[in-house]
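Please view the sequence and the model first.

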Amino acid sequence: MQEKVGAVLVIGGGVGGIRTAFDLAESGFKVYLTDRSPGIGGTLYQLETWFPDNQCELCKLLPVFNRDECSQFCLRRDLSHPNIELIPNSSVTKLTGEPGNFKATLNIKSRWVIEEKCTACGLCAGVCPVEVDDEFNRGLQKRKAIYVRNPQSVPNVYSIDHENCTKCGKCVTICPTKAIALNMPDTKRELAVGAVIVSSGSNEFDVSRIGQYGYGRYANVLTNIQLERLLANTGPTGGELLRPSDKKAPNKIAILQCVGSRDTERNYCSEVCCMYALKESIMLKKQYPDTEVTIFYMDIRAFGKDYYRYHLRAQDSGVKFARCRVSRIRENPKSKNLFLLARAEDGKSISSEYDMVVLSAAQCPSPHLSELGKILNIHTNQWGFVETPEFYPTRTSHNGIFVSGSASGPSDICETVLKSSAAACEAATVISSARHQSETKTSEHEHKAEQDEEAKIAIFVCHCGEEIGAVVDFEKTLASTKKLLNVVTVEDVGFLCQKETLEKIKRSVTKTGANRVIMAACAPYHYYRLFNDTLNEVGIDASMWQLVNFREELAWVHKDKRDLATAKAQNLLAMAVDRLRTQETLTAQVMAVTPKCLIVGGGISGLTSALFLAEQGFEVDIVERTGELGGHSRQIYFDSPQSFVKGIIEKVNNNLKIKINLNSEVIGISGNAGNYKARIKSTDGKIAETNHGAIIIATGAKDYQPTEYLYGKDKRVITQHELQKRLAEWKLDKASTVVMIQCVGSRNNAHPYCNRVCCSEAIANAIKIKEKSPDTQVFILNRDIMTYGFKEQNYTKAREAGVLFQRYEAGKEPEVNTSNRTLTVAVNDPGLPGKLEIETDLLVLSTGYVAEDNQTLAKMLSLELTADGFFKEVDTKFRPVDTIIDGIFITGLANAPRNLGEKIIEAQAAAQRTANLLSRDKIKSGRVISEVDAHRCSCCGICVEVCPFEARYLDEDNKVAVVKEILCQGCGICATACPNGAAKLRSLKDKQVFSMIDAAF
Amino acid sequence: MAETKEQFEPKIIGFLCNWCTGAASDLAGTTRAQYPPNVHPIRVMCSGTVDPVYMIKALLSGADSVMMGGCHPGDCHYVSGNYKARRRVAMLKQIFKSLGLDDNRVWARWISASEGPEFAKFMNQITEETRKQGPSSMANDWAI
């Protein structure tokens, strides 16, 4: 057999692709991150805020360990990691080979701009005469034929749109670095990779296909992405909501759900639209409290962790909800206002006028997916999404090719992130034997600056053509800077980013013997890595050089103020000199890692994580409280899931790397990421002590024990689980009517969350009943049917089979009575004056999960719990299985309710996040971390309390606070909180800040 | 409009966090939003690093105003740094008031990475407001 290749091709650079790329890169694989468009970011970069805080927080995707390997900036500006190579503008044209050993051919579309030379100054776009619709802003604005995808594009390089360029050559003439080469040919590139991950994302449904909504004809009918762009600060209106027809703020806005989904042609639920409609309406209400916002919907599918609370928040903020599907929209040709025609739930027709209508367009497969599917030889389903098996939702029909994000079906950010980590896990499992083989080795250079050596500072300033030179008086700036203490040279060397200049800089540093460097150029995102690599070669360490932003923070924003701008430039350089003068060499702390994982809980989630970690070569200890593996999944009585669960248990039992401790509990844990010590107690009283690098919490949840609706008092009232058990054995012969009640013990005050599985479970059971006994009447009394994604088909199937769905509202729950031995359920019907009364033989309660008593474990691990008692993740969207304590992960029902397929994804994601940490023998802390001046420390504990990462503790014996360097993220919150000045942040010590302030005056 | 030649040019020190307000300042540049050059930025990793002492020091060294910019509440790269910063600035302003010092010279703003225009707007605002207040005497008033 051929040796495997430790590299992965990731197709698509949206949030999914980025997450996968980071996960694989962190765990020792090379990643080629490709995208069809000239910049990465996908749909995500078009949005600025999202659930749950309506903020960005995208930076939380960045690696936590060895973080200095990766750029530490906003991800919208920069993405660089030694193991990730970005290949924008590219598409796969051929794939041959086998899992572990593929050859992929890429076609890289030429930008007609030489990437290394472009400084993104934008002069070219200024002279370009061609204007076309800007697809990033969905046509709400124009762009030039030479453009960047968005103002913060990654990579920040211009490119020419071949179709629209007239080749007039104006840009070629004006470009100061001669970066434009019209007719530069496309290139082909062949990559050797071990696995391929498709995360090509989805497109929004072309809403103009629904003619009765008038999109394209009526100016004020917009899509949700257009609304997002109108609300975006980087959008065409700078974040001001102005309707297209008259640029006035709308007073009445309607948001229409399910446009292009849940219809006969596309019988799936697009999953994400309810949540983004809620978000948009909350944002609208916040920015424009007097604007009326109405959401027209069929079901509000807020099924994820804390989504229901968000739904309530929208209600509280005054958003109106109307349960109906709008049949058509008419425009008033004069006012351009829109009339919505619909029939409400009570049968009355509605016709109301709105200033603006927003269509929540469904996620549809990307148009390139069918072609890509043919090239990669993977199957797509009836709608064109990549087909995946039921229990491994990131696998495709082709071994070694995996899929993540919305390429395999509608997915929100959180789901995409989970799938992406899971796909990374699958890929890493295929090529785990080649880990660290294709990694980019970062070379370690010798560093000059010694602690007590006198500072010799070299300063290099960039004109950026005329971009900086036109605003800053260089002669003056250079003259004053030369006089500063410790400055050995100030040089004006042209474009700092160009190769020749960097050579000059290296020569100059060597010649002058400088041990510290200041580069006065553009924003740090553009050339940080290039400068750092160059300076490293001549012995200047990352902590010993600094960038001063003369372009974005100075020249570009102070155009007509030459004198003041020059003074500011002089001050900024003086401040940087003063900071660097007292800068100490920073070295990262290195810590060995125990390549072994502890998994608490032997349910399907824990077992899956264990299996994938073991298959990637790590040892695993499972601690299970009961005497049996499998947890909740043992309650699934139907054939296919049951045999799947059995298969997993068998594989775990047979895997030599996995040690199973049944009837055991964890009673104590100490240490931190990379090195934990756990005490495991078994029921026979024995206590074992083991070492682990990471911990996965998979302790599951409890079934809700209903007290409602006569459960426990009348034998005819049972739960869905009990029904399923009976159905598997078919013990239902006598029932002629079955009534199911949804949301029992969930979505109420005591448990304000949706359990997400009960609707699908109820529908599956109802279909089973109808298959076996078509004459049995089945009623499902529900609030919103949560058949998200492709589960919608089952909802349709159930209705076709004759299952009757009846809504009830919160606060008007059904009433159950037994009199004369009959069991009667009474429920309100919006279309009827009285109540609907159903006599039933069997009443089935759809109950969900409630959290286990997690307090003890949470306290032991210093973890937080949610208001509902589940473990709290560090970030809902971008780090859904990570906890605030690095090295501890959560998965399965301990995190939130999920179904079997979703549990597998989450468990794989947790396994991959764990593997990221365990795959290195040593982990490095950041260079910039906090430290303790032991002489000043009074051991008061304030720093321990304020640290968000539990990176400090008190050494009671020596009466001093201690930093756990590996956990410290370098925020410096402790340094500010310390009353004695004992806590300090490296590279931003008080004396440095003070001297910087002094230098400004 | 005739420009007055002796217009007072305030000097302002601004502490900008690396993740949000600092990134917004760069975006303002990319979009060529114009604002006066009176604010001298000092980049910090988190607004939670900004010790009130730094702000006092800036005023004592001759700054006419001092500002701190961080991520919006709820959106801190370090989970809760900006909440702490917010509380510290609130306290600092309170202390200033009780000492009879001008607390209007202490500013805090939450500007996210995509709010380039917002950043430029704030730069204009703080410069104009400080200009109206006139030179700060805080640097000279301490004859100890």
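The model is predicted, so local features need pLDDT of at least 70 and side-chain atom pairs count only at pLDDT 80 or more, while totals for chains, interfaces and linings use all residues. Residues are numbered from 1 along each chain as its sequence is written, chains are lettered from A and ligands numbered from 1 in the order in which they are written, and side-chain values use heavy atoms, without hydrogens and water.

**Interface of chain A and chain B**

- Chain A gives 59 residues to the contact and chain B gives 59 residues, contact meaning heavy atoms within 4.5 Å.
- About 4,800 Å² is buried between the two chains, and carbon and sulfur atoms give 61% of this; buried area is the accessible area (1.4 Å probe) lost on putting two parts together, summed over both.
- On the side of chain A, A:Glu553, A:Thr976 and A:Phe1001 lose the most area to chain B, together 13% of what that side buries.

**Salt bridges**

- The interface holds three salt bridges, each defined as a side-chain nitrogen of Lys or Arg within 4 Å of a carboxyl oxygen of Asp or Glu.
- In a salt bridge between B:Arg43 and A:Glu553, the closest N and O atoms are 3.1 Å apart.

**Helices α5(A) and α6(A)**

- Helix α5 (residues 273–287) and helix α6 (residues 307–316) of chain A, both DSSP runs (H or I, at least four residues), pack at an angle of about 40° with their axes 10 Å apart; axes are lines fitted to C-alpha atoms over the stretch in contact, and angles run from 0 to 180 degrees between N-to-C directions.
- Residues of α5(A), including A:Met275 and A:Leu278, meet residues of α6(A), among them A:Tyr307 and A:Tyr310.

Definitions and conventions
Helix = DSSP H or I, 4+ residues; strand = E, 2+ residues; numbered from the N terminus.
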